[in-house]
Amino acid sequence: YVRFSKTLLEGFAQDRKVDVAKLQALVSAEGKRFDHTADPWKLPPGLDIIVGDVRGGGSSTTSMVRAVNAWRAEKGSEAAEVWNTLCQLSANVSEHVQALSTAAQSDREAYQSALGQWTSEAARQ
């Protein structure tokens, strides 16, 4: 979960009115001051991501964020270590997905052959 720093958004909504000029300046090419970027990527052909709610009751982002932030505050350096590891592993997954997408585009035949081998192996297990 990623949030932009609150300080970046301070002063944009005063008395429920958004200062559009300030907001436009913040997100413009010249004013890009966001402290997080998200690079788009897509799954390579033949791969799917399946997402499910293992608890069966759905989730509320607001309460989940509140709980995670409370955990991070309570656990301090232990939570920071877990959080940083999770962030790095997530980045690794993204990099590998990108590498697979690139391989699928650059040598479709070799990619399809490898994909066939992976799916055959997975079916045997």
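Among contacts in the protein chain between residues at least 6 apart in sequence, what percentage join residues at least 24 apart? The figure is 58%, where contact means heavy atoms within 4.5 Å. This is a predicted model, in which local features need pLDDT of at least 70 and side-chain atom pairs count only at pLDDT 80 or more, while totals for chains, interfaces and linings use all residues. Residues are numbered from 1 along each chain as its sequence is written, and side-chain values use heavy atoms, with hydrogens and water left out.

**Overall make-up**

- The protein chain has five helices and two strands, taken as DSSP runs numbered from the N terminus (helices H or I, at least four residues; strands E, at least two).
- Along the sequence, the pattern reads α-β-β-α-α-α-α.
- Of the 125 residues of the protein chain, 10% count as buried; buried means under 20% relative accessible area, exposed over 50%, and partly exposed in between (1.4 Å probe, protein chains only).
- The accessible surface of the protein chain is about 10400 Å², with 54% of it belonging to carbon and sulfur atoms; accessible areas come from the Shrake-Rupley method with a 1.4 Å probe, and for residues only the protein chains shown count as cover.

**Helices α4 and α5**

- Helix α4 (residues 77-106) packs against helix α5 (residues 108-124) at an angle of about 125°, and their axes are 5 Å apart.
- That angle makes α4 oblique to α5, since angles under 35 degrees count as roughly parallel, over 145 as roughly antiparallel, 65 to 115 as roughly perpendicular and the rest as oblique.
- Axes are lines fitted to C-alpha atoms, for helices over the stretch in contact, and angles run from 0 to 180 degrees between N-to-C directions.
- From α4, Leu-100, Ala-103, Ala-104 and Ser-106 make the contact, and from α5, Arg-108, Tyr-111 and Trp-118.
- Ser-101 lies in helix α4 and is buried, because its relative accessible area is 8%.
- Leaving out residues up to four places away in sequence, Ser-101 touches Lys-42, Leu-43 and Pro-44.

**Surface patch**

- Trp-41, Leu-43, Ile-49 and Val-51 form a nonpolar surface patch with about 400 Å² of accessible area together.
- Patches are made of residues with over 30% relative accessible area and no salt bridge, with like charges joined within 9 Å and nonpolar side chains (Val, Leu, Ile, Met, Phe, Trp, Tyr) within 5 Å.
- Ile-49 sits in the loop between α2 (20-27) and α3 (61-75) and counts as exposed because its relative accessibility is 53%.

**Salt bridge**

- One salt bridge is found in a search of the whole structure, the term meaning a side-chain nitrogen of Lys or Arg within 4 Å of a carboxyl oxygen of Asp or Glu.
- Glu-74 forms a salt bridge with Lys-75, and the closest N and O atoms are 4.0 Å apart.
- Glu-74 is exposed at 63% relative accessibility, whereas Lys-75 is partly exposed at 36%.
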